[in-house]
Amino acid sequence: MKVKYNELKLHIQETLLGEGLDEYSAQATAECMVMADLYGIVTHGSVVLPSHIKRIQTSGYNLSPSFKVVNETASFAVIDANNSIGFASASYSMQYAIEHSKKSGIFSVFSRNANAYGAASCYAMMACKENLIGITFCNSPTAMAPIGGKDKLFGTNPLSVVIPTGDDHPIIIDMATSKVAKSRFLQMKREGKPLGEGWALDKNGAPTTDPDEGIQGLVCPMEGFKGYGLALVIDVLAGLLSGAAWQDNVKRFYNESGDPMNVGHFFMVIDPEKVMGKCYWDIIKNYVSNIRNSARVCEDKPIAIPGDDKHFAFANNSANGIEIADATAEALGLK
């Protein structure tokens with residue numbers, strides 16, 4: 001079935017309010033989930049709502065959190081997320097960075113005692129909507145081993161950078177540091193499909209395409225040492241430096257005890273006009289144009305810019321409604 005953006009957002013928001021989440025948290029969560037669906041990041045969209053409801057019902061979240069600035073200078077702040085649902089503390093932290101970047105030109109927020117925040121680009125887009133460059137990344141429960149090892153020490157640690165270009169098509173980077181996000185494993189299992197070659201290792205470190213073995217085993221970092229290195233850096237900057245958990249100290253989302261995950265989030269906002277003046281807009285348009293008009297391998301295939309697929313999905317889903325699988329619609333109470 002297809003559902004309009006506003007209808008789906010309102011339904012999710014009301015569902016979360018009914019589960020006891022405060023109004024700000026419910027609104028921020030609904031906004032981020034539906035934005036993920038709109039931009040085609042369906043593995044992080046409304047499909048994850050039932051999992052978060054289960055965590056609410058097992059007392060895994062503080063339903064009325066109070067975000068606290070525990071350290072601050074003119075260039076950064078450290079914010080305690082108070083074990084809120086991740087979408088809420090991430091939205092608050094990014095908005096905090098946005099407001100302070102308007103004064104200083106660049107501002108960073110480190111957040112501790114946080115939880116999984118879904119699609120990273122949802123927060124980077126918040127900055128872009130105000131003509132600012134948004135950057136965010138976080139660590140996550142361990143899924144990858146260091147190169148040459150088989151102990152899980154690093155999460156798939158996603159990152160996003162969104163760069164405004166002066167039109168409706170900003171540059172959007174949204175990716176995990178693994179070959180694919182681990183949520184894809186669950187998706188492939190639901191669909192009865194094998195994993196792609198090179199996506200995963202079993203618990204003994206042998207390559208596998210079996211979703212169950214991949215879920216129990218190891219996710220492969222993208223491009224070997226490069227993905228491993230990025231995951232390590234994100235774990236240090238978002239986890240260790242914020243005062244959150246790091247390596248295998250990060251709690252799993254599906255833990256039975258309801259313990260806080262203590263994920264570390266990082267947000268940075270840059271005001272390009274403050275850095276280089278209003279000429280930024282002409283220069284960035286020329287920059288994108290140079291790429292678009294560069295020589296093509298195939299004349300009938302246009303040159304791509306990161307984010308083109310997401311803009312296509314956004315236009316289609318905005319016009320025609322968001323496609324919701326029957327099983328997901330039933331789980332969300334839409335059918």
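The predicted model contains 12 helices and 12 strands. Along the principal axes, the C-alpha atoms fill a box of roughly 55 × 50 × 45 Å.

Residues are numbered from 1 along each chain as its sequence is written. Local features need pLDDT of at least 70, side-chain atom pairs count only at pLDDT 80 or more, totals for chains, interfaces and linings use all residues, and side-chain values use heavy atoms, with hydrogens and water left out.

Buried residues make up 48% of the 335 residues. Buried means under 20% relative accessible area, exposed over 50%, and partly exposed in between (1.4 Å probe, protein chains only). Of the contacts with a separation of 6 or more, 66% join residues 24 or more positions apart; a contact means heavy atoms within 4.5 Å.

The largest nonpolar core holds 57 residues. Such a core is a set of buried Ala, Val, Leu, Ile, Met, Phe, Trp, Tyr and Cys residues joined through side-chain atoms within 4.5 Å. L8, I12, L16 and Y123 touch the most other members. Helix α2 (residues 23-38) supplies the largest share of this core, 8 residues. Leaving aside residues up to four places away in sequence, L8 touches V3, V34, D37, S46, I322, I324, L332 and L334. A second, separate core has 13 residues, among them I135, F137, L159 and Y280.

Helix α5 (residues 121-128) has 7 of its 8 residues buried, so this helix is largely enclosed by the rest of the structure. The buried residues are S121, C122, Y123, A124, M125, A127 and C128. Their cover includes helices α2 and α4 (86-104). Strands β5 (133-138), β6 (159-163), β7 (171-175) and β11 (263-270) also contribute.

Two asparagines have positive phi. N131, in the loop between α5 and β5, has a phi of about 60 degrees. N131 is partly exposed, with a relative accessible area of 43%. N157 lies in the loop between β5 and β6, and its phi is near 30 degrees. N157 is buried, at a relative accessible area of 0%.

Notes. Helix = DSSP H or I, 4+ residues; strand = E, 2+ residues; numbered from the N terminus.
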